[in-house]
Amino acid sequence: MNPGQTLTVKITSPTPGLFPEVDLTGENPIGFAGTISLLPGELSVQIPKDIGFGRYRLTVEGTPKSGKESIFATVEIDVERLDFPVSMSATLSGIELDSPGEQIPLEVLAQYSDGTTYVATSSSHISFSSANTEVATVDASGQVTAVAPGIGSITVKYTMGDNKLSMGIPVQMPNPDRESGGSNFFISIAPGMQTIEPGSSASFKVTASSYTGFTGEIELSAHGLPEGAAASFSPASVRASESATLTMSTLRSTPLDTYPIFITGRSGKLNPTASVILIVTTNGKR
């Protein structure tokens with residue numbers, strides 16, 4: 001149902017005479033809806049115009065004439081706009097995490113053609129995913145949890161039928177083991193973006209470099225791949241000043257979208273990350 005809509009709730013009981021009155025209350029911000037003194041009966045519930053999207057409980061409480069404990073019954077309603085938003089945004093343009101285990105909640109906003117904006121974080125049309133779960137994870141409610149130093153992004157999607165909006169929120173956590181003047185390395189990738197069709201593949205050159213004489217072996221990995229896609233490195237590990245070829249292969253069923261792909265080079269506690277963009281499209285459509 002839409003925000004601002006009025007809902008009629010019918011309340012009854014197999015033993016209506018046991019209850020001199022019953023109260024109906026909605027989960028915040030709906031609030032108290034009213035009291036019925038004779039069952040069966042009806043109450044009107046006004047859904048606030050500025051309510052956030054998501055599921056809300058309506059609870060009926062009845063106290064028996066006998067004075068026994070109150071009896072409760074609940075029902076859930078799903079508050080959503082029936083039309084598709086024109087844009088989507090987040091209150092945080094980026095997330096910087098300090099230590100593993102730290103948690104930060106996301107708040108997603110949906111904008112509509114009539115100029116209204118709603119909090120859509122809990123919408124049944126919203127989904128969250130992490131492009132690099134080695135750096136941060138995200139749950140179904142939009143709670144981001146730090147895992148380890150590196151960079152990544154959280155993808156938010158609003159899907160209604162064939163219509164889809166998506167956005168990425170960058171995430172990073174500095175590596176405390178990366179000290180200035182220490183023995184470190186970094187990863188670079190070329191080209192920075194490629195466009196392919198579903199069922200085809202793209203290749204990138206991944207190079208490890210160091211200005212501090214780093215000599216350790218660096219294991220490469222890719223994160224944030226499209227559904228059904230695979231990534232392979234040849235060779236699978238390199239040393240500073242060496243390069244590997246990254247090949248990303250998609251399926252014909254891979255969804256059309258723009259994907260940030262994160263490449264991590266790991267050696268001991270060091271794990272610098274670089275990113276590329278993979279666009280999966282058909283005839284210019286995404």
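A residue is treated as buried when its relative accessible area is under 20%, as exposed when over 50%, and as partly exposed in between, with a 1.4 Å probe and protein chains only. By this criterion, 41% of the 286 residues of the protein chain count as buried. The model is predicted, so that local features need pLDDT of at least 70 and side-chain atom pairs count only at pLDDT 80 or more, whereas totals for chains, interfaces and linings use all residues. Residues are numbered from 1 along each chain as its sequence is written, and side-chain values use heavy atoms, with hydrogens and water left out.

The protein chain holds 25 strands and 0 helices, where strands are DSSP runs of E with at least two residues and helices are runs of H or I with at least four, numbered from the N terminus. Its C-alpha trace spans about 85 × 45 × 35 Å along the principal axes.

Leaving aside neighbours within four places in sequence, H223 is in contact (heavy atoms within 4.5 Å) with A131, N132, E134, P260, I261, F262 and T264. The side chain of H223 also makes a polar contact, at 3.1 Å, with the side chain of S221, such a contact being a pair of N or O atoms within 3.5 Å of which, within protein, one must be able to donate a hydrogen and the other to accept it, and residues adjacent in sequence count only if both atoms are side-chain atoms.
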